[in-house]
Amino acid sequence: TTLFRSSNLKMAEKVVYLKRTISPFDQSESFGFTVVGGKGAPVPAVVWSVDKKSSADLSRKVHVGDMLVALNDELLASLTHEELVQKIRNAPALSCFKFITDEELMKKVKKRIDGAKRRSCINMGKKSEVCF
């Protein structure tokens, strides 16, 4: 779809080393971010959320809307969402992630997330604009 197509020539590539840590929320091991998309999906592999106080959050380099392009020097564009998730889960405890920040794409993803949160609040019968 065209929603996530970007013509932005101002993109920044960044390499981030993250350590898998124990999540304070559910005691699972995590690098501290979630992704949506992948091959065959309407969006590329994109960071959907970053857990507070996680390795990703504390790096101050991983942001909602960043495209995940490589893990430990392996390109990820050919992976479906399920394959991508499995690859991240099976990665070593200290891994190297490569992201591309595209401000245009980031704005579109954040707008989509905000819309999803509002719909979620409405469905839950809450009046608040943001639900957690």
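## Salt bridges, pockets and surface of a predicted model

The side chains of Glu74 and Lys87 meet in a salt bridge, with 3.1 Å from N to O; the term stands for a side-chain nitrogen of Lys or Arg within 4 Å of a carboxyl oxygen of Asp or Glu. Glu74 lies in strand 7 (residues 74-75) and Lys87 in helix 2, so the pair ties together parts that are 13 residues apart in sequence. Glu74 counts as partly exposed, at 35% relative accessibility, and Lys87 is partly exposed at 30%. Buried here means under 20% relative accessible area, exposed means over 50%, and partly exposed is in between (1.4 Å probe, protein chains only).

This is a predicted model, in which local features need pLDDT of at least 70 and side-chain atom pairs count only at pLDDT 80 or more, while totals for chains, interfaces and linings use all residues. Residues are numbered from 1 along each chain as its sequence is written, and side-chain values use heavy atoms, with hydrogens and water left out.

### Overall layout

The protein chain has three helices and eight strands. From the N terminus on, these elements run β-β-β-β-β-α-β-β-α-β-α. Helices (H or I, at least four residues) and strands (E, at least two) are DSSP runs, numbered from the N terminus. Of the 132 residues of the chain, 36% count as buried.

### Other salt bridges

Side chains of opposite charge can pair when their charged atoms come close. The structure holds four salt bridges; the table gives three of them.

| Pair | Closest N and O atoms |
|---|---|
| Glu13 and Lys98 | 3.8 Å |
| Lys14 and Asp66 | 2.9 Å |

Glu13 forms its salt bridge with Lys98. Glu13 lies in strand 1 (residues 11-19) and Lys98 in strand 8, so this pair ties together parts that are 85 residues apart in sequence. Glu13 counts as exposed at 54% relative accessibility, whereas Lys98 is partly exposed, with a relative accessible area of 26%.

Lys14 pairs with Asp66 in a salt bridge. Lys14 lies in strand 1 and Asp66 in the loop between helix 1 (55-59) and strand 6, so parts that are 52 residues apart in sequence are tied together. Both Lys14 and Asp66 are buried.

### The cavity

A search of the whole structure finds one cavity of 30 Å³ or more. On a 1 Å grid over the protein atoms alone, a cavity is a set of points where a 1.4 Å probe fits but cannot get out, and a pocket is an open set with protein on both sides within 12 Å along at least five of seven lines; lining residues have an atom within 4 Å of a point. A volume is the space filled by probe spheres set on the points, which are joined across faces, edges and corners.

The largest cavity holds about 30 Å³ of space. Its lining consists of Ala70, Leu71, Asn72, Asp73, Cys96, Phe97 and Lys98. Strand 6 (67-71) and strand 8 are the elements that give two or more residues to this lining, and strand 8 gives the most, with three. The lining divides into four nonpolar, one polar and two charged residues. Ala, Val, Leu, Ile, Met, Phe, Trp, Tyr, Cys and Pro count as nonpolar, Asp, Glu, Lys and Arg as charged, and the others, Gly among them, as polar.

Asp73 has a phi near 65°, a positive value in a residue other than glycine, and is exposed at 71% relative accessible area.

### The second largest pocket

The second largest pocket has a volume of about 360 Å³. Of the 16 residues that line this pocket, the closest to its centre are Ser30, Phe33, Thr34, Ile88 and Arg89. Strand 3 (29-30), strand 4 (33-36) and helix 2 (81-89) each supply at least two lining residues. Helix 2 gives the most to the lining, with four residues. Six of the lining residues are nonpolar, five polar and five charged.

### Surface and loop features

Val15, Tyr17 and Leu94 make a nonpolar surface patch of about 330 Å². Patches are made of residues with over 30% relative accessible area and no salt bridge, with like charges joined within 9 Å and nonpolar side chains (Val, Leu, Ile, Met, Phe, Trp, Tyr) within 5 Å. Accessible areas come from the Shrake-Rupley method with a 1.4 Å probe; for residues, only the protein chains shown count as cover. Leu94 lies in strand 8 (residues 94-102) and counts as exposed at 56% relative accessibility.

Lys53 has a phi near 65°, a positive value in a residue other than glycine. Lys53 is placed in the loop between strand 5 (46-50) and helix 1 and counts as exposed, at 71% relative accessibility.
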